Amino acid sequence: MTYQDFVRHKHRYHGKKMILICDECNCFAEDSTFTVYPQQMINFLHANLDNTKRIYITATPDDVLPAIWNIESLPDAEFCPLTKDNLQEVIRNNLSKSETRIRHIYLMKANWDYLTFRIYDPANREVLIKYINDNCKNGNKSLIFINDIDSGAELQEQLNGSQHIYSDDDKRSELHEIAINEHFSSNSLITTKVAENGLSLHDDKLSMIAAETYDVIVLQQVIGRAKVNRRNPREITVLIPDYSLSQLGSIKGKLYMQLSDFMKAAKNPDFAMQYLPQPNPYIYYDAILKRPVVNDTGIKHQLDYITNIIEEENIQPHAFVRRILSIYDKDIQNIESLSISYNVKTACIRRITEAWEAYKISEKNDEAVKELKESLKAACNETKAYPKILKSNIQLDTVNEILRFAGIHEKVCKSMVYDIVKDEPLSCEDSN
């Protein structure tokens, strides 16, 4: 049964001995930002530890493991923040704790080489729309995740031959048909959260995924909807938003405004019943306790996550993109080149110009020439905009060719040293 069904009937299972297999248990952390049932599910598990055996299954363990530690360990257990680098260590530490109830953990690493990531500016919807439409012109299909019904409907009007599904009653038949057939007939399928978990799309024409979300675990689940032949996978391009610091700050500001009332409700249940809209995703009424309960999991998950992203962005730009690329073992050195509006020739010319300007204000000695050569070679080879691949040391003739390619008509000349010997004193005319 679904977690929602279990929560609705949890009173039937309270105190009974059973084995619970919790598939897609990432919902405990992820869905807690949208609804109250994960908090109710966590509360049930915590209250029934002695009479149940629990198996947790997820493809995205990083974010949900703290929630599992919270269920399985004592309240005063120390929880370390999880990263790609310390995940194994955190697991070992928790397994070694005498008070833990966790007995075994199995991790399987997938091969994500078939994924190519590109980034887009979420504030520039027109460029994103053009990029998706261009992809569909060749008969390819796109899966688009945007967890807002109104924005999804607006996007549908601007995309050619697109289909929009969500959880409303009038769309359930379409969703059922897609789930059964495991493919969609339109050029683009725009989905809300309804298609994030459990939907499998086996469609060889599905070559692009575009996601508008700041939640890493949501993005991972959306990518997992597109199924490929693991032995011979087709290439899939994934478009992810590149949030600026101001955009992340705006997201956090909205969260604080939304969640401030929920914080008050944690201290004053009467406030929740009197002032907060019902139902809402962070407050639910507990029939046993006979009072409203605040969805602690959802509040903590949202605030902690966005705060961490902002801290990373303050240290180094493209924090959200860097986090995604690291999860999938992708290169994070040249993030700017991943932009869907990135023009390789423009980028190459910009780097050549910057290298030339740096050389002009240098002492123009042999070391400066060497640095110029290396900068020009890197600009041409890394952008692949220059018609030749440059190897080893490049000659001055090649340097000048590269400058002309960038529209720079100045030259680097070979420096010569002469010894001048003159017996007679220089006259004024000679010195001039």
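Reader: Among contacts between residues at least 6 apart in sequence, what share join residues at least 24 apart?

Author: In this protein the share is 68%, where contact means heavy atoms within 4.5 Å. The model is a predicted one, in which local features need pLDDT of at least 70 and side-chain atom pairs count only at pLDDT 80 or more, while totals for chains, interfaces and linings use all residues. Residues are numbered from 1 along each chain as its sequence is written, and side-chain values use heavy atoms, with hydrogens and water left out.

Reader: How many helices and strands are there?

Author: The protein has 17 helices and 10 strands. Helices (H or I, at least four residues) and strands (E, at least two) are DSSP runs, numbered from the N terminus.

Reader: And what percentage of the residues count as buried?

Author: Of the 432 residues, 44% count as buried. Buried means under 20% relative accessible area, exposed means over 50%, and partly exposed lies in between (1.4 Å probe, protein chains only).

Reader: Let us look at strand E7. Where does serine 207 sit, and is serine 207 buried or exposed?

Author: Serine 207 is part of strand E7, which covers residues 206-212. Its relative accessibility is 13%, so serine 207 counts as buried. Apart from neighbours within four places in sequence, serine 207 is in contact with residues including Asn135, Lys141 and Glu235.

Reader: What about isoleucine 209: buried or exposed?

Author: Isoleucine 209 is buried, with a relative accessible area of 0%. Its place is also in strand E7. Not counting residues up to four places away in sequence, isoleucine 209 touches Leu143, Val222, Ile223, Ala226, Ile236, Thr237, Val238 and Leu239.

Reader: Which strand holds lysine 141?

Author: Lysine 141 lies in strand E4, residues 141-146. At 10% relative accessibility, lysine 141 counts as buried. Among the residues in contact with lysine 141, leaving aside neighbours within four places in sequence, are His183, Phe184, Asp203, Lys205 and Ser207.

Reader: What separates the C-alpha atoms of lysine 141 and lysine 205?

Author: The separation is 5.5 Å, although the two residues are 64 apart along the chain. For isoleucine 209 and lysine 141, 68 residues apart along the chain, the C-alpha atoms are separated by 8.8 Å.

Reader: Changing topic, which residues of helix H13 are buried?

Author: In helix H13 (residues 319-327), the buried residues are Ala319, Phe320, Val321, Arg322, Ile324 and Leu325. The buried residues of H13 pack against strand E3 (115-120), helix H9 (216-223), strand E8 (236-241) and helix H12 (296-315). Just after H13, aspartate 329 takes a positive phi of about 55 degrees.

Reader: How many salt bridges are there?

Author: The count is 14, a salt bridge being a side-chain nitrogen of Lys or Arg within 4 Å of a carboxyl oxygen of Asp or Glu.

Reader: Which residue pairs with lysine 130 at 2.9 Å?

Author: Lysine 130 forms a salt bridge with aspartate 134, and 2.9 Å separates the closest N and O atoms. Both residues lie in helix H6 (residues 125-136), four residues apart, which is about one turn of the helix. Lysine 130 is exposed, at 53% relative accessible area, whereas aspartate 134 counts as partly exposed at 29%. Lys130, Asp134 and Lys137 are linked in a network of salt bridges.

Reader: Why would residues three or four places apart point the same way?

Author: An α-helix has 3.6 residues a turn, so residues three or four places apart point the same way.

Reader: Where do lysine 388 and glutamate 401 lie?

Author: The side chains of lysine 388 and glutamate 401 meet in a salt bridge (3.5 Å, N to O). Lysine 388 lies in the loop between helix H15 (366-383) and helix H16 (396-405), and glutamate 401 lies in helix H16, so the pair ties together parts that are 13 residues apart in sequence. Lysine 388 is partly exposed, with a relative accessible area of 45%.

Reader: Finally, is glutamate 157 buried or exposed?

Author: Glutamate 157 is exposed, with a relative accessible area of 72%. Its location is helix H7, residues 149-158.
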